[in-house]
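Dear colleague,

Please find below the structure we discussed, with its sequence. My notes on it follow directly after.

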Amino acid sequence: MIVNQKFCPLLPILFFSINILFSNQSLAQANSRQADIRPNPLDEIRYRQSIQQGRPARPLSNSNFGKSDLGIQRPVEAKKTGFGYHLGFDTKLYFSNNPASIDTGELKEPCGLWENSLRNTFLLGAFDLGGATFSPIANLSYTKFTHFGDELFDNFDFDTLGLNFAGIFQFGQGWSIRPGLGLTFDLNPREGLERQYHQISPSLSFSKGFKMGSVQSFIDWSLTYNFTDSAYGVHDELNRFETAFTFGTNIPFNNFEFSPFLRFAYNGYSNQDRDDFMSNLGLDLKYSFSNWFYLKFFANLSMRHSNMDNMDFNRFDSGLGAAFNAKF
């Protein structure tokens, strides 16, 4: 084949442009198809339970939690005015063996992550309903996820803005019902915080707390539907129903607290012939210096099994974290 020589200098540029195009498309596809994997679901459950069970978000001990049989309880401050405000900052530095949460491919490489989260929680009162109490809660959070250690993930950084409203109905013997509405926005910090993905999630959960000596445990069953919109592909492709079962326990000893958590979830997608089964195992070891500051070591194992090809994955994260909290 004879190639016109005046076009030869353009060939490397053309090939380089095509390679960049396909690389960006692959990255976009990876980001798009993994947007349904919400980071740190166990962290959200831990925080929710700490508020729901009527104790400081990051306690020094369990002395503020359920003095008797985990009967009718109220959020923190409810005993005085029924209102309260929590301000918290969390930072975590950890290693992930599969940060892209994929089955195979060039992006299945390990890297480090630095996660910083600012959370505002408003306790909007506690209302006596006779055999139960009702406690509305609003939460506003902002989290930054920064990847490091491998240039493959330079474009994976993202910010998440979360807004959640919930009403907690608490009954005797540790039972509670929690209807809620969550709004989540994933933003691109490299593109002026351009919105990449968002979801609106009405939910309903049922929980029961247990107490055995100083050990506190709970079980939780939740039903959620996620209405989604993505900047990549079909905007509502990730619409899905999720039901999840979670078990957690907190075992204090002196200023330490050991907290294992286990979560199983099923996701059924409305606009795809797809069913996913997720499992998460988390372990925390905390050391509290005071009611407002602690350090922790943590490890999380996440797995997904799907009936759709190339959607399975295993992921292990572990590292160190610190938190500063205040309540008013």
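Which residues is Tyr 85 in contact with, leaving aside its neighbours within four places in sequence? In this predicted model, Tyr 85 is in contact with Asn 120, Thr 121, Phe 122, Ala 326, Lys 327 and Phe 328. Tyr 85 itself is found in strand β1, which covers residues 83–96. With one of these partners, Asn 120, the side chain of Tyr 85 makes a polar contact of 2.5 Å, side chain to side chain. Tyr 85 counts as partly exposed because its relative accessibility is 22%.

Confidence

The chain has a mean pLDDT of 82, and 80% of its residues reach 70 or more. Over residues 1–33, however, the pLDDT is below 50, and this stretch has 15 contacts in the model beyond near neighbours in sequence. Residues 55–80 also stay under 50 in pLDDT, and for them the model has 86 contacts beyond four places in sequence.

Asp 90 and Thr 143

Strand β1 also holds Asp 90. Asp 90 has a relative accessible area of 15% and is therefore buried. Asp 90 lies 53 residues from Thr 143 in sequence, and their C-alpha atoms are 9.1 Å apart in space.

Thr 143 belongs to strand β4, residues 133–148. Its relative accessibility is 10%, so Thr 143 counts as buried. The side chain of Thr 143 is joined to that of Ser 117 by a polar contact of 3.1 Å. Beyond its neighbours within four places in sequence, Thr 143 is in contact with Glu 115, Asn 116, Ser 117, Phe 158, Asp 159 and Thr 160.

Strand β7 (residues 194–212) and strand β8 (residues 215–230) run antiparallel and are joined by 14 bridges. Within this pairing, Phe 206 stands opposite Trp 221 in β8. The hairpin of β7 and β8 has two residues between the strands, and Gly 213 there takes a positive phi near 65 degrees. Strand β8 is joined in turn to strand β9 (residues 240–253) by 11 bridges, again in an antiparallel arrangement. Here Asp 220 stands opposite Thr 246 in β9.

Arg 263

Thr 246 is also one of the residues touched by Arg 263. Arg 263 has its place in strand β10, residues 256–269. Is Arg 263 buried or exposed? At 10% relative accessibility, which is under the 20% cut-off, Arg 263 counts as buried. A polar contact of 2.9 Å links the side chain of Arg 263 to the side chain of Glu 242. Not counting residues up to four places away in sequence, Arg 263 touches Pro 41, Leu 42, Ile 45, Glu 242, Ala 244, Phe 245, Thr 246, Met 278, Ser 279 and Asn 280.

With kind regards

Key. Residues are numbered from 1 along each chain as its sequence is written. Side-chain values use heavy atoms; hydrogens and water are left out. Helices (H or I, at least four residues) and strands (E, at least two) are DSSP runs, numbered from the N terminus. Buried means under 20% relative accessible area, exposed over 50%, partly exposed in between (1.4 Å probe, protein chains only). A polar contact is a pair of N or O atoms within 3.5 Å; within protein, one must be able to donate a hydrogen and the other to accept it, and residues adjacent in sequence count only if both atoms are side-chain atoms. Contact means heavy atoms within 4.5 Å. pLDDT is the predictor's confidence in each residue, from 0 to 100. Two strands pair if DSSP finds at least two bridges between them.
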